[in-house]
Amino acid sequence: MTEWIVLLDSDGVLSDFVSAAIKAHGHDATHESVTSWNFYEGWGLNDEQFWSKCKGKEFWQSIEPYPWATEFYSRLAKMFDVYICTAPAEDDECFAGKLDWYKRVLGVGMNRVVFARNKWLLANPLRLLIDDSPKNVSEFQNNSGMSIGFKQPWNRFTSSWEDVLEQVAPLSSR
């Protein structure tokens, strides 16, 4: 039987980037109050202003993992060949900070991490993307990949980490 490769998004699936961004900006919003992808526009910020405070190795290293992060990753890894697939920020230190985070939180080295802004380029019929971005999920499906949208307040997906595990279990050959 052919084995699936799972591409697991990080920010918004394993790591709480939104809360880290709120803290970096000293804003009084909460994770649950963020209901749009470019939530910072509601704060009157443009891309440059937003990203100016969400950068540096320490920022990326210090993002809190969601409570389910390690269990979700380890259970998926028992069923599939899993790679973290994350879109890097336009910050040279993002790479090092995220790699440190994956090693510390998940015990994952760089051989299990794919940095890709255009995740759809990785799509094929035996690849599954798990992501919180409606755009990434749609583009991946439109390019012959399978994808599952991960539920967050800023999207309309309905699958929690437990739901995802139930949905993918029949695909596992392990």
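These legends walk you through close-up views of one predicted model. Residues are numbered from 1 along each chain as its sequence is written, and side-chain values use heavy atoms, with hydrogens and water left out. Since the model is predicted, local features need pLDDT of at least 70 and side-chain atom pairs count only at pLDDT 80 or more, while totals for chains, interfaces and linings use all residues.

**View 1. Five strands side by side in an open sheet.** Follow the parallel strands in the order β3-β2-β1-β4-β5. Strands (E, at least two residues) and helices (H or I, at least four) are DSSP runs numbered from the N terminus, and two strands pair if DSSP finds at least two bridges between them. β3 (113–115) and β5 (146–149) stand at the edges with a single partner strand each, so one side of each has no neighbour in the sheet. On average, neighbouring strands are turned by 25° against each other, direction ignored.

**View 2. Strand β1 meets strand β2.** Here β1 (residues 5–8) and β2 (residues 81–86) run parallel, joined by four bridges. Look for L8, whose bridge partner in β2 is I84.

**View 3. Helices lying across the sheet strands.** Helix α4 (residues 69–79) lies across β1, β2 and β4 (127–131), at about 135° to β2. Helix α6 lies across β1, β4 and β5, at about 165° to β4. Contact here means heavy atoms within 4.5 Å; axes are lines fitted to C-alpha atoms, for helices over the stretch in contact, and angles run from 0 to 180 degrees between N-to-C directions.

**View 4. S144, in the loop between α6 and β5.** S144 is not a glycine, yet it has a positive phi of about 75°.

**View 5. The largest pocket, about 950 Å³ in volume.** On a 1 Å grid over the protein atoms alone, a pocket is an open set of points with protein on both sides within 12 Å along at least five of seven lines, whereas in a cavity a 1.4 Å probe fits but cannot get out; lining residues have an atom within 4 Å of a point. Grid points are joined across faces, edges and corners, and a volume is the space filled by probe spheres set on the points. Of the 33 lining residues, W37, N38, W51, A87 and R117 are closest to the centre of the pocket.
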